[in-house]
Every structure is written in C-alpha cells, then in structure tokens.
Amino acid sequence: MHLIEIKNIIKTYQTGETSFRALDDASLTIENGEFVAIMGASGSGKSTFMNMLGCLDKPTSGSYFLDGIDVMKLNSDELSDIRNSKLGFVFQGFNLISRTSALENVEMPMIYKGITPEERIVKAKEALKIVGLEDRENHFPNQMSGGQQQRVAIARAIVNDAPIILADEPTGNLDTKTSVEVMEFFVKLNEVGKKTIILVTHELDIAQYAKRVVRFKDGKIISDERKSS
Amino acid sequence: MIDFNSTFKIALRSLRVNKMRSILTSLGIIIGVSAVIIMLSVGEGAKSKISKDIASIGSNLLMVMSGSTTAGGVRMGGGSQPTLKLQDAEAILKYCPSVAQVAPVVSEVKQLVFENQNWSTSVYGVTTGYMAVNDWDVDDGRTITEEDDKNATNVTVLGATVVTNLFGDLDPVGKTIRIAGRPFKVVGILKSKGQSSMGQDRDDTALIPLSTAQKKLFGTAFPGTVKFISVQAKSTEDLEVAEEEIEALLKERHNIGRNKDNDFTIRNFTQMLETIKQTVATMTLLLGSIASVSLLVGGIGIMNIMLVSVTERTKEIGIRMAIGAKAADIRMQFLIEALLLSLAGGLIGVVLGITIAKSIQLFAGMTIVISPIAVVVSFGFSGLVGIIFGYYPAYKASLLNPIDALRYE
C-alpha cells in the first residue's frame with residue numbers, strides 16, 4: 001500500500017462565466033519516508049495540489065487515498081480528523097496564533113485530538129525540545145525571530161506524531177542562513193524521525209534538500225526526478 | 001468535539017487579550033441586569049410598604065365622615081357640618097350585618113403641657129372599638145376602657161411622638177398632663193406605627209374617652225355629634241356591601257330623599273390603597289420591561305463585537321481548522337466567548353444592582369425589597385442573551401473554509 005496515492009485529479013475553479021482548471025489530470029504516488037519537493041512557477045497548480053494533499057480542499061474529480069483512506073468520501077469533520085492525525089502543516093507565514101505562547105501553540109493540535117491537558121504539556125515540551133526551543137516556551141510569536149517561529153510551527157506539526165509533514169514554502173520568509181537551519185531540520189526529521197516530507201518551493205537550492213523533485217506546469221506534472229544517491 | 005475545559009480556556013484567553021473591548025461589551029449587559037434588579041427591587045419595596053400601610057390603618061376599614069356646610073354658596077370641606085351622631089355609629093353596628101365594629105371619633109388639635117414642655121397634637125375622643133378598628137396596640141399601660149367612656153374620666157393614651165416631645169426619657173405612665181388646660185392622667189402609650197404612606201406621622205396623637213371629649217374638652221354648637229366614624233367590615237369582600245348598607249341606613253336616619261345629596265361621605269381606604277398597590281405593580285412591570293430592553297441592546301452589542309472578532313480572527317480560525325479543529329469546535333469556542341461575556345456582565349450586574357438598590361435604601365430611606373426571583377431571572381436572561389446573540393457569529397465562524405481563512409490577511 002502506498003502512503004499517498006493520487007490518480008487523475010482535476011480541480012476546476014468557477015469564476016462567473018469562465019472556469020479555470022488549476023489541476024489538470026495530475027497523478028502522483030508517494031511512499032512512506034520519502035522527501036519530496038514540489039516545484040513550479042506561481043500559478044502552476046502546485047499550491048492547489050498542496051491543498052488537495054493537505055485535505056484542506058477536495059478535488060473536482062479523481063481519486064485520493066491517504067494511508068488507505070478514501071479522502072474523496074470524507075465529510076468536513078472527517079477531513080479535520082485526518083488533518084489532525086495524519087498531517088502536520090508548516091506554512092510560509094508561520095501561521096502561529098498571535099498573543100499565544102509557543103507552548104500553547106504547540107499544544108493546539110492535541111487539544112483537537114482530545115488529549116488530556118497533562119499529557120499535552122509533556123508532549124508539547126518534548127516537541128519544543130526537539131526543535132531546540134525549550135527555553136522559549138512562554139514567548140509569544142511576536143517576541144521570536146522568524147526562524148524561531150518556524151521552528152515552533154515545526155514542533156506543532158510533529159507533536160501529534162503525524163506521519164506526513166506538508167511544508168508550503170517554509171523558507172519563503174526567512175534569510176539564507178535561517179533557511180539552511182530550517183531545511184536541515186527537515187532533513188533530520190526525514191532521516192532520523194522517519195517522517196514523510198512534502199515540500200512546496202520555487203527555489204532550486206531549497207529543493208536540493210529533497211530526494212525527489214516533482215515539477216508542475218499549467219496544472220500538470222511535467223517531471224518527476226529521483227536523486228540517485 | 002474537544003473537552004469543555006480546553007474550549008473554556010481558549011475563550012477566556014481571547015477575551016483577556018482584548019480586555020477593554022470585553023469590558024465595554026459586557027457593560028451593556030451589566031447596565032441591563034442591574035437596571036432590571038433596581039427597578040424590580042424599588043417596585044417590590046413600594047408594594048410591600050403599601051401592604052404594611054393597609055395592615056396598619058386597620059384592615060377592611062371604611063370611614064364615614066360628616067358632610068359639608070354651604071354658607072352663601074361657599075361649600076366648606078367634608079366634616080365641616082357635624083351631621084353624624086353617636087347614635088348613628090350605634091345604629092350602624094346594630095343594623096348593618098356586614099359591619100364588625102364601629103369607632104365614632106371626635107378630634108381637635110389641642111395643646112398638651114407637661115411641666116415646662118408643651119406640644120400641640122390631634123386629640124381624638126374615642127370609644128373602646130377605636131383600638132381594634134385602627135389596629136392600634138398599647139406599648140405600656142392600658143387603653144381607654146368602657147368604664148372611662150361611661151364616667152367621662154380624664155385619662156389619655158399618648159402616641160410615641162407625643163411622649164418623646166413631652167417626656168423625653170421619663171416614663172409617662174401615671175403622670176398627669178394638661179390638655180387645653182385640663183388635667184389628664186396618662187394611662188398608656190401606643191405602640192409606634194411610623195409614617196403613613198401619605199407621609200403623615202401617625203404617632204403624633206393622643207386618645208381620650210369620647211364622652212370626656214364631647215362633654216368637657218371640645219366645645220361644639222352641635223352637642224352629641226362626632227367628626228367621623230371608622231367602620232370595620234367583616235371581611236374585604238364585605239367592604240362594598242357594608243358601604244351600601246351604611247349609605248342606605250344613614251340616608252334613612254338623616255331623612256335624605258332619593259335624589260338629594262348625602263350629608264355624609266363614605267371613604268374606603270383599603271380599596272384606595274389596593275388601587276395604589278396595583279398601580280405600583282403596573283409601574284414596576286413597565287419599568288422592568290424598559291430595563292430589560294437595555295439587556296436586549298446589550299445582547300446586540302455582544303453580537304456586534306463577536307462578528308467583528310470573527311472577522312478579525314479569520315486567520316486564527318483557518319489555522320485551527322488546518323490543524324484539526326472541526327466546525328463544531330470553532331462554533332463552541334465563539335459561543336462560549338459570547339456566553340462568558342454575557343454571564344460575566346450578568347454577574348457584575350447582579351452585584352452592582354443589589355449594591356445600588358441597597359444604597360438607595362440607605363441614602364434615600366426608601367423601602368427596597370430585593371426579590372430573589374428578579375435576581376435569578378435577570379441573570380438567567382443575560383445568559384440567554386449571550387446564547388441567542390452569540391450563536392450567529394459563532395455559526396458564521398464555523399462555516400469558514402479553511403483555505404480561504406488561511407489566506408485572509
């Protein structure tokens with residue numbers, strides 16, 4: 001069984017009279033433990049594809065199996081559960097909740113999973129330690145640098161033991177040095193933590209960290225290369 | 001669904017983040033709840049005061065007064081022409097089956113003197129029935145007895161105000177005072193009744209036997225007449241019947257034709273006070289309703305601010321949804337926020353309302369009765385307002401699409 005199996009998905013957006021095909025018959029299979037970079041110019045459909053992957057949106061047609069689950073058949077509450085337990089999100093804009101401490105931000109996915117407060121604190125502290133921010137527990141997002149915020153976001157993504165991490169331009173708002181740090185984190189998560197990492201980027205040197213690069217153009221997958229190493 | 005405790009904490013934190021806004025939003029509810037409590041407490045107080053008055057003037061009381069004189073076309077006030085006689089009182093008791101007791105009264109303002117103190121007060125010449133009809137009690141000593149009336153003895157029972165003014169701290173029972181120059185022995189003190197609802201001091205009075213008043217004290221051109229007769233009906237239901245019976249009887253006794261004006265007036269005080277009580281109840285209801293409108297306005301304030309809050313926090317909602325919050329979780333979070341705002345407002349409103357009501361009692365000397373029902377109902381209403389006006393914004397938040405919400409800046 002594949003971890004992710006997407007077949008012939010099409011996503012059409014309707015704006016008034018004109019309809020626009022953001023995804024045009026894309027198929028992709030990802031195995032457990034892979035590190036995939038999804039590349040493409042803006043408007044190529046890579047972000048739409050990411051939303052489908054992240055169960056934030058449903059394709060107009062096609063099929064999507066995630067860990068054996070038929071995502072097309074799920075209602076919005078079941079999609080929430082999938083996002084909560086199978087997926088960890090890391091966004092370009094960090095997307096931490098403002099005026100809420102790092103610890104509480106990391107706790108949040110566990111709240112929606114129904115984990116007890118005591119266990120939540122223990123696990124959130126562990127996750128923060130993994131990203132090296134154990135001394136920033138009580139800092140608010142606006143008291144931390146971009147790199148630190150992104151590391152809190154990574155801690156939040158891994159805290160529920162989700163097998164897949166979806167990172168949408170995670171270094172887009174960071175300088176080169178911090179970008180390298182963050183990317184090395186993803187590598188470590190992939191190699192040591194055995195997480196499947198799917199990364200959307202338009203920067204070639206960021207894509208270098210991945211073991212497989214998938215390119216989008218006009219809603220279609222135009223290339224799929226695996227590194228020989 | 002996530003556990004209530006965590007939702008509660010999330011809601012509480014977002015309210016704390018916007019402290020000023022939360023306080024201002026609750027203010028509507030605070031004012032509404034306290035206004036309802038104050039209005040109802042004042043109203044209840046007025047009602048209980050009137051009830052006490054009804055009890056203290058004596059229950060089921062009618063007052064028969066002499067008619068007015070007409071001198072050269074000028075009509076004098078009621079009681080100016082003494083047409084009622086002692087025998088009228090006796091006849092009323094005898095021939096009116098709905099009447100339980102009568103108390104014929106004469107009264108005049110006289111000066112009372114004890115040693116070097118003097119005080120002017122209404123002196124009432126009364127019979128033994130007076131005490132029961134008017135619900136008087138003695139605090140010390142005895143009342144006017146039948147014996148006193150028969151022998152026209154010079155004895156008096158004084159009201160509390162008179163005692164204070166004439167005797168100060170001395171015990172007046174057994175002392176002799178002068179009323180209009182004549183010596184009277186103080187045999188008792190009336191139990192204090194305080195002010196009437198008309199603001200009259202009912203303790204400013206002195207009672208003497210009716211016969212003594214008629215024969216020795218009050219000079220009158222109409223011997224044997226009384227100023228008014230207090231009549232106690234057998235029950236509240238009998239009041240109107242008693243009124244009719246007395247009117248018929250007195251018309252006959254005074255030889256008044258069918259279409260002639262009566263030379264007496266009958267007043268029904270109990271009915272009058274009952275009417276006032278009903279008016280006050282209506283006023284209370286009216287004021288309470290107006291106050292609850294402000295609760296409604298407070299609720300709209302909550303809805304307004306919650307809608308703003310949902311828009312402002314669209315991104316937060318998107319993040320929460322992306323990491324696993326269900327629509328119901330988001331809805332509950334915002335609903336609890338609204339409920340917290342309204343219940344906190346309600347609680348502060350209850351405290352404020354009771355405090356203000358108590359201080360009105362303290363500083364304005366009004367009777368205030370804080371009814372537990374008013375407190376419970378207004379607090380419950382504040383919660384209801386929170387749910388009703390919080391639901392729509394919460395529902396709106398839960399409908400957001402996670403992708404759109406995440407993109408929102």
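Colleague: Leaving aside neighbours within four places in sequence, which residues is Thr205(B) in contact with?
Modeller: This is a predicted model, where local features need pLDDT of at least 70, side-chain atom pairs count only at pLDDT 80 or more, and totals for chains, interfaces and linings use all residues. Residues are numbered from 1 along each chain as its sequence is written, and chains are lettered from A and ligands numbered from 1 in the order in which they are written. Contact means C-beta atoms, placed from the backbone, within 7 Å. On that test the partners of Thr205(B) are Thr121(B), Ser122(B), Tyr124(B), Gly159(B) and Val162(B).

Colleague: Is Thr205(B) buried or exposed?
Modeller: Thr205(B) sits in strand β10 (residues 205–209) of chain B; strands (E, at least two residues) and helices (H or I, at least four) are DSSP runs, numbered from the N terminus. The burial scale counts other C-beta atoms within 10 Å, placed from the backbone: 20 or more is buried, 12 or fewer exposed, in between partly exposed. Thr205(B) has 20 such neighbours, so the class is buried.

Colleague: Where is confidence lowest in chain B?
Modeller: pLDDT is the predictor's confidence in each residue, from 0 to 100. Chain B averages 86, with 94% of residues scoring at least 70. Helix α10 (residues 314–322) of chain B is highest at 94, while the lowest mean, 58, belongs to strand β2 (residues 70–71) of chain B.

Colleague: What is the bridge partner of Phe35(A) in β8(A)?
Modeller: Strand β3 (residues 35–39) and strand β8 (residues 196–201) of chain A pair in the parallel sense, over five bridges. The partner of Phe35(A) in β8(A) is Ile197(A).

Colleague: Which helix gives the most to the side of chain B that touches chain A?
Modeller: The contact takes 17 residues from chain B and 20 residues from chain A. α1 (4–17), α10, α11 (327–364) and α13 (402–407) of chain B each supply at least two residues of chain B's side. With four residues, the top contributor is α10(B).

Key:
Two residues are in contact if their C-beta atoms, placed from the backbone, lie within 7 Å. Two strands pair if DSSP finds at least two bridges between them.
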